[in-house]
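Work through the exercises below with the sequence and the structure side by side. Try each task before you read its solution.

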Amino acid sequence: MKKDIILSGVGGQGILSIATIIGDAAVRAGLNLKQAEVHGMSQRGGEVESGLRLSDAEIHSDMVPLGSADIILSMEPMEALRYLPFLHKDGYVITSSSPFLNIDNYPEEKVKSALAAMEHVITLDLDRISQENSMPKSANVILLGAAAGVIGILTPDQLRESIRNVFASKGERIVEMNLRAFEIGQEYGR
Amino acid sequence: MTQVKLLLGDEAIAEGAMHAGIKGVYAYPGTPSTEITEYIRHSAMSRENGIHCTWSSNEKTAMEAALGMSYAGCRSMVCMKHVGMNVAADAFVNAGMTGVNGGLVVVAADDPSMHSSQNEQDSRFYGKFAMIPTLEPSTQQEAYEMMAYAFELSEKEKLPVLLRITTRLAHSRAAVRISADKPDTVRKPADRDRSAWVLLPANAKRKNLALTAKQPHLEQLSASSPFFRISVPDYPAVSGNQGAHSGNDSVSGNAGALPGNAGAVFPKGIIACGTGYNYVMENHVLEAGYHLMKISQYPVPAEAVRKFATGCSQILVVEDGQPFLEEQVRSIVGGDYPVKGRLTGDLPRTGELNPDCVGEAVGKKTVPVYAVPEGIVPRPPALCQGCGHRDVYIALNQVLADYPESRVFADIGCYTLGALPPFCAIDTCVDMGASITMAKGAADAGLHPAVAVIGDSTFTHSGMTGLLDAVNDRSNITVVISDNLTTAMTGGQDSAGTNKFEAICLALGVEKEHVRVVVPLQKNMEEITRIIREELEYDGVSVIIPRRECMQTLARKKRTAGRQA
Ligand code: SF4
């Protein structure tokens, strides 16, 4: 079994923390994993993408091949669409619907209609949800929660365990908040 | 005892080097190499073993310090991005001539596709140029294991060893099985052989002959390396080149006639290295009948390549970077033997390889199901909100609007983003330090105002000597050292000149009245623009230092302080 996931968003939105949580869970579960990250120039408010590959067999390429991603998990709707060529025909797009407006020519209407036209898509208004629940810094974990049912190769329990691990150094309060964020996300993923 | 850690390629190299018992790492930050040194700096092992790991001013000082450490009998490592090799080249190439005492490994991280670089140069050419062994890992695990091998090789052959990686390996994470032992630092007596280390012509000529004579031996080592491998369908992989590649297994489904050998049927062959090997494997080429040679060490093992080619009808060379291997394979097999790769258009001529273009080259074209919807626009990176460089460019743009002939020569750092809207404030960005020297040359040609914009870390890396040239010539330039107290673009490493810039400029001979410090904030705009105007009007070298901490390092400090409180 394998799962290829494209994580995308805008620099600073915390997609690498999602990768860290999934990575921790994968290693604990004894799965093979490759995760290509983006560093450097592209982080200053530009588009960022990370390919995450999980499998029980050996993984060769660090990059996700075209047409093979099972999930595009995105913190930002236009950034989800940017990587569509990587999506498998039965793959899922799970994305925040809140646009990140740091460019003048953001095509809001086109983004909306393109997402609406997708067959397997879960959108959630992450800005609103994270604000309503007073957890603006855990928006990424809410998104992960929304994907928990689709990831498959890892169970929600395994992911929860890794949220504990990854945030442990920041104290119990932060751990609890992220676990709650994960649960809120799960509600939207159903 | 072993343990499993989830590591970037860079971090696997750091672990490998520490487990090989290094006494020091010397480096200047540069994407995608920075995380090697960062990892060592933050590791418990570096503290316990007293591993030297402070940042160097530039790649050349790093290379020379590492050579000194090797001379003194300890293992040392130098890390840099590919263009850093140009800066270190003088020391690097001559270290091939002196040779080493303690093991010395130079790690060069290339950036094909130029994710954050100015060019696509391939560091393997430097290894060939210096005639030293060059290693190229394919996976994070290999990157880890190759470090111990590299240090042993370096000490055995008494040569520096170059290890070349690319962005994709440097910045991709995988589980790596590493030793759980606590290594000791390797220490030998200091060298004393002046005939080896004093490169007077008489000594250098002798060393040059010896190094040249050593090349066939080094080629053999490339073929007997534990990372060299020939795989053929249905057979287990053969490593270390024992068990010769049997040349005439005919494989159905993927066979062609060997040129000049009518009737005989041979399989197609692939020679791959580094990350290219991973993409080849991703495309199941063995199942498709290909024969596969994996090269992980240079100089290219010519004899092994020749033999492998004899058993194949054609060869596809798959390498990330420039066609370094492909050109050599061509010259090894000679004549009209079909060699395919980047030079023949079977793979893209430039840019990073990926599983898809390699798939296409082995006959497995994938057509994506979904296209990027129409109307999706790029989202370029930008200077952070609140960044001091923003205020510097706002001020410069405001003043220079009155000087239509002005040019701004910029440099390498976050502030290069001043090239993009909304600022569009710079005219050039070429290499580390070129802002000051290009402004000087332009001023020598009569261009006025010639303004240089350089960051604090870039200034101490390669700007100071250029400023001295300008002072000595009384060149009519205005230098802006935009000081954010850190090396920001690579993630906030210490900057070598922090708190020393006024002193450095004065010591280089800039006049006291023309070294001006400002705080780049909107509320100071009137003062800043006035000072810029005054210095543009001064006929000579002036330096303006806008100083305000990078927003990212500031935020990080606040977070750490908050956690400690
Ligand atoms: S990282 Fe620092 S120097 Fe770079 S753009 Fe952001 S605030 Fe400015």
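**Exercise 1. Classify Phe129(B) by its accessibility: buried or exposed?**

Step 1. Recall the cut-offs: buried is under 20% relative accessible area, exposed is over 50%, and partly exposed is in between (1.4 Å probe, protein chains only).
Step 2. Phe129(B) has 59% relative accessibility, so Phe129(B) counts as exposed.
Step 3. Now take Tyr126(B): at 16%, Tyr126(B) counts as buried.
Step 4. Helices (H or I, at least four residues) and strands (E, at least two) are DSSP runs, numbered from the N terminus.

A note on the source: this is a predicted model, in which local features need pLDDT of at least 70 and side-chain atom pairs count only at pLDDT 80 or more, while totals for chains, interfaces and linings use all residues. Residues are numbered from 1 along each chain as its sequence is written, chains are lettered from A and ligands numbered from 1 in the order in which they are written, and side-chain values use heavy atoms, leaving out hydrogens and water.

**Exercise 2. How many aromatic pairs are there over all chains, and what kind of pair do Tyr126(B) and Phe129(B) form?**

Step 1. Know the rule. Rings of Phe, Tyr and Trp (its six-membered ring) pair if their centres lie within 6.5 Å; planes under 30 degrees apart count as stacked, over 60 as edge-to-face and the rest as tilted.
Step 2. The count by this rule is eight aromatic pairs over all chains.
Step 3. For Tyr126(B) and Phe129(B), the ring centres are 6.5 Å apart and the planes stand at 65 degrees, so this pair is edge-to-face.
Step 4. Look for a third partner.

**Exercise 3. Which parts of chain B does the pair Tyr298(B) and Phe324(B) tie together?**

Step 1. Tyr298(B) and Phe324(B) have ring centres 5.3 Å apart and planes at 85 degrees, so they are edge-to-face.
Step 2. Tyr298(B) lies in strand E13 (residues 297-298) and Phe324(B) in helix H14 (residues 324-333), so the pair ties together parts of chain B that are 26 residues apart in sequence.
Step 3. Check accessibility: Tyr298(B) and Phe324(B) are both buried.

**Exercise 4. Which chains surround the ligand?**

Step 1. Find nearby residues: one heavy atom must lie within 4 Å of the ligand.
Step 2. Among them are Arg44(A), Cys384(B), His389(B) and Gln552(B).
Step 3. Residues from chains A and B surround the ligand, so the site is shared between chains.
Step 4. Sort the shell by class: seven residues are nonpolar, three polar and one charged. Here Ala, Val, Leu, Ile, Met, Phe, Trp, Tyr, Cys and Pro count as nonpolar, Asp, Glu, Lys and Arg as charged, and the others, Gly among them, as polar.
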